[in-house]
Amino acid sequence: MTKKNTATSNQQQLMDKIVSLCKRRGFIFQSSEIYGGINACWDYGPLGVELKNNIKQAWWRAMVYERDDIEGLDAAVLMHPKVWEASGHVENFTDPLVDCKSCKLRFRADQIPEENLKLKKCPECGGELTEPRKFNLMFKTFMGPVEDEAHVVYLRPETAQGIYVNFENVYVSMRRKIPFGIAQIGKAFRNEITPGNFIFRTREFEQMEMQYFVRPGTDMEWFEKWREERFKWYLRIGIKPEKLRFHQHGPDELAHYASAAYDIQFEFPFGWQELEGIHNRTDYDLSRHQQYSGKDLSYFDDEIGQKYIPYIIETSAGCDRTLLAVLVNAYDEEDTGKEIRTVLRLHPFLAPIKAAVLPLVNRENMPQIAWEIYKSLKPHFKVFYDDSGSIGRRYRRQDEIGTPFCFTVDSQTLQDGTVTVRDRDTMKQERIHKSEVLDFLKEKITF
Ligand code: GAP
């Protein structure tokens, strides 16, 4: 095997290990698994939903709570169909698609070799390919009981439009002045032709988007500021800097609404791929909504005495992709000398379980003391009580799901009230008094 092939196979193995860990330990399950699953849809299990909520919380904190210039919003998934005409999605949100007449497989025309496209030859079976046709990625459904064109509605393919149509509602109700932003976390749906790589590209996913409204002429300055801010956020949640980079969009890559764009990319086992897009959307969105709705969406800037349509800088992150990046970034196999331990080195704030409380043995009052400690932590943090199996195995189980601390009640606890605190990353242990456990966690679990 060549060096390159070995590296690819190691990376494939890494993905397989992460997918397997996610299922085994209750992070992520195939949707509708008992029916054989449904393609490109995933369910977050008990630990997955905690991790996902923590990622969303870390984003909301950085974007809304820690700033003075951003408001939150939670708009409906279903919107007036004209929204998607105004946004350009009905016309432009398409991928070129070709079908094989023999094996019936479907391909994105821009993802198969040019030679095959030219010869109309299926890359799988050599059969004849159809002419490329535009395939709109929006999911369509009907509002109410009548299933005709007049009742078509779409599942939103991005959360951004819910923000644009509420621009005026938010700035008037919150007495905001430009520059300011609106942040939203929510589900989006795309009928992707080639989903895959686990939760990387799915048909139902969650976005964390922020739209920042600025005075025209200041847009590129804000674009640069947001590019930096968003890069820093990934470092803050513990992503290794060498795993992150920017990718600037060339003119042929720019979305129909953008005048400038950068992706923040992460090095996944299957290559460098987009985590988040930062776009200068100019006045495209508000102008289009003004045109299609007939409502004046201009803003009067009393600082300069001018009326204008604000420009928008967008930061658009995928929650599921971030979660996959967080898992890949955290996954480690360490040779302890006695065994290989699997450990998720998650940022403590993101870890699904913050601490495990363990009685060393199930006798001499140790379970009672451990249970009391567990109960005192429960109102503040997601914690876990475990008294089954050897202490070594219990530590390994917590390492594998990324629990940053284990508190163990042992025979010394019975004498002086101290417990051991085991650090997930170093495996080092120290002793603290049982009455200090809550403060210890409060100090360590910060963002
Ligand atoms: N509002 C702009 C927008 O939606 P995008 O680059 O199409 O821009 C933004 O999507 C982010 O949403 C991506 O960087 C990615 O993290 C996430 N995303 C997009 N499509 C996805 C899919 N099919 N599955 C999972 N995440 C997706």
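What lies over the face of tryptophan 222, and how many Å from the ring centre?

Reply: Lysine 225 lies over the face of tryptophan 222, at 4.1 Å from the ring centre. A charge counts as sitting over a ring if NZ of Lys or CZ of Arg is within 6 Å of the ring centre and within 35 degrees of the ring normal. Arginine 281 gives another case: its charged end sits over the ring of tyrosine 257, 3.5 Å from the centre.

Some ground rules come next. This is a predicted model, where local features need pLDDT of at least 70 and side-chain atom pairs count only at pLDDT 80 or more, while totals for chains, interfaces and linings use all residues. Residues are numbered from 1 along each chain as its sequence is written, and side-chain values use heavy atoms, leaving out hydrogens and water.

Now step back to the whole chain. It has 14 helices and 23 strands. These are DSSP runs numbered from the N terminus: helices are H or I with at least four residues, strands are E with at least two. The C-alpha atoms fill a box of roughly 75 × 65 × 50 Å along the principal axes. Of the 447 residues, 49% count as buried. Buried means under 20% relative accessible area, exposed means over 50%, and partly exposed is in between, with a 1.4 Å probe and protein chains only. Among contacts with a separation of 6 or more, 65% come from residues 24 or more positions apart. A contact here means heavy atoms within 4.5 Å.

Rings of Phe, Tyr and Trp (its six-membered ring) pair if their centres lie within 6.5 Å; planes under 30 degrees apart are stacked, over 60 edge-to-face, and the rest tilted. Take phenylalanine 200 and phenylalanine 268: they are edge-to-face, 5.2 Å centre to centre, with 75° between the planes. Phenylalanine 200 lies in the loop between strand 9 (180-189) and strand 10, and phenylalanine 268 in strand 12 (residues 260-268), so this pair ties together parts 68 residues apart in sequence. Both phenylalanine 200 and phenylalanine 268 are buried. Elsewhere, Phe167, Tyr171, Phe180, Phe213, Tyr299 and Tyr308 form one aromatic cluster.

Next, charge meets charge. Side chains of opposite charge can pair when their charged atoms come close. The whole structure holds 43 salt bridges. For a salt bridge, a side-chain nitrogen of Lys or Arg must be within 4 Å of a carboxyl oxygen of Asp or Glu. Glutamate 333 and lysine 17 form one, at 3.0 Å from N to O. Glutamate 333 is in strand 17 (residues 331-335) and lysine 17 in helix 1 (residues 3-24), so the pair links parts of the chain 316 residues apart. Glutamate 333 is partly exposed at 36% relative accessibility. Lysine 17 is partly exposed too, at 32%.

Glutamate 206 has two lysine partners to look at. Lysine 52 bridges to glutamate 206, with the closest N and O atoms 2.7 Å apart. Lysine 52 is in helix 2 (residues 46-65) and glutamate 206 in strand 10 (residues 204-214), 154 residues apart. Lysine 52 is buried, at 7%, and glutamate 206 is buried at 9%. Lysine 56 also meets glutamate 206 in a salt bridge, 2.8 Å from N to O. Lysine 56 lies in helix 2 and glutamate 206 in strand 10, so this pair ties together parts 150 residues apart in sequence. Both lysine 56 and glutamate 206 are buried.

A network of them links Asp332, Glu334, Glu339, Arg341, Arg345, Arg396, Asp399, Arg422, Arg424 and Asp425.

Last, some backbone details. Most residues other than glycine have a negative phi, and most peptide bonds are trans. Lysine 104 has a positive phi near 70°. Lysine 104 lies in the loop between strand 4 (94-99) and strand 5 (106-108) and is exposed, at 61%. Arginine 175 also has a positive phi, near 50°. Arginine 175 lies in the loop between helix 7 and strand 9 and is exposed at 75%. Proline 179 is in the loop between helix 7 (167-173) and strand 9. A cis peptide bond joins isoleucine 178 and proline 179, with omega about 10°.
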